[in-house]
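Have a look at the sequence and the fold, and then read on.

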Amino acid sequence: MPKLKTHSGAKKRFNLSKSGKVKRAHAYKSHILTKKTTKRTRRLRAGTYADQTNVDAIRKMIPYK
């Protein structure tokens, strides 16, 4: 079986937890932060898990992580 290419964008955005879940960061945290409340930006800092409907696609993009 040939080696698979890792998706460069996906490897920067996703990690796997020890239990096998796909970890991701929240969106809307990179710019135009002045109009967003402090409470909102603070909550966006916390990571979360990818939705179960997307997990299979993400795992194919990061086969060696």
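In this predicted model, the largest nonpolar core is built from seven residues: Ala10, Phe14, Val22, Ala50, Val55, Ile58 and Ile62. There is a general background to such a grouping: in soluble globular proteins, nonpolar side chains tend to be buried together. Val22, Val55 and Ile58 are themselves members of the largest nonpolar core.

**The overall layout**

Buried residues account for 18% of the 65 residues. The accessible surface comes to about 5,800 Å², and 53% of that surface belongs to carbon and sulfur atoms. What about contacts across the sequence? Counting contacts between residues at least 6 apart in sequence, 57% join residues at least 24 apart.

A pair of residues shows how sequence and space can part ways. Lys60 and Ala10 are 50 residues apart in sequence, yet their C-alpha atoms are 9.8 Å apart in space. Lys60 sits in helix 3, which covers residues 52–61, while Ala10 is one of the residues of the largest nonpolar core.

The three strands form an open sheet in the order 1-2-3, with antiparallel pairing. Strand 1 (15–16) and strand 3 (48–49) are at the edges with a single partner strand each, so one side of each has no neighbour in the sheet. Strand 1 is joined to strand 2 (residues 22–24) by two bridges, and these two strands run antiparallel. Across this pairing, Leu16 stands opposite Val22 in strand 2. Val22 also belongs to the largest nonpolar core.

| Residue | Relative accessible area | State |
|---|---|---|
| Ser17 | 16% | buried |
| Ile32 | 47% | partly exposed |
| Tyr28 | 62% | exposed |
| Lys60 | 68% | exposed |

Why does Ser17 count as buried? Its relative accessible area is 16%, and buried means under 20%. Ser17 is found in the loop between strand 1 and strand 2. The side chain of Ser17 makes a polar contact of 3.2 Å with the side chain of Ser19. Not counting residues up to four places away in sequence, Ser17 touches Lys23 and Tyr49.

Now follow the chain to the loop between strand 2 and helix 2 (38–45), where you will find Tyr28. Ile32 lies in the loop between strand 2 and helix 2 as well. What is the phi angle of Tyr28? Tyr28 has a positive phi of about 65°, although Tyr28 is not a glycine. Ile32, also not a glycine, has a positive phi of about 55°.

Conventions
Residues are numbered from 1 along each chain as its sequence is written. This is a predicted model: local features need pLDDT of at least 70, side-chain atom pairs count only at pLDDT 80 or more; totals for chains, interfaces and linings use all residues. Side-chain values use heavy atoms; hydrogens and water are left out. A nonpolar core is a set of buried Ala, Val, Leu, Ile, Met, Phe, Trp, Tyr and Cys residues joined through side-chain atoms within 4.5 Å. Buried means under 20% relative accessible area, exposed over 50%, partly exposed in between (1.4 Å probe, protein chains only). Two strands pair if DSSP finds at least two bridges between them. Helices (H or I, at least four residues) and strands (E, at least two) are DSSP runs, numbered from the N terminus. Contact means heavy atoms within 4.5 Å. Accessible areas come from the Shrake-Rupley method with a 1.4 Å probe; for residues, only the protein chains shown count as cover. A polar contact is a pair of N or O atoms within 3.5 Å; within protein, one must be able to donate a hydrogen and the other to accept it, and residues adjacent in sequence count only if both atoms are side-chain atoms.
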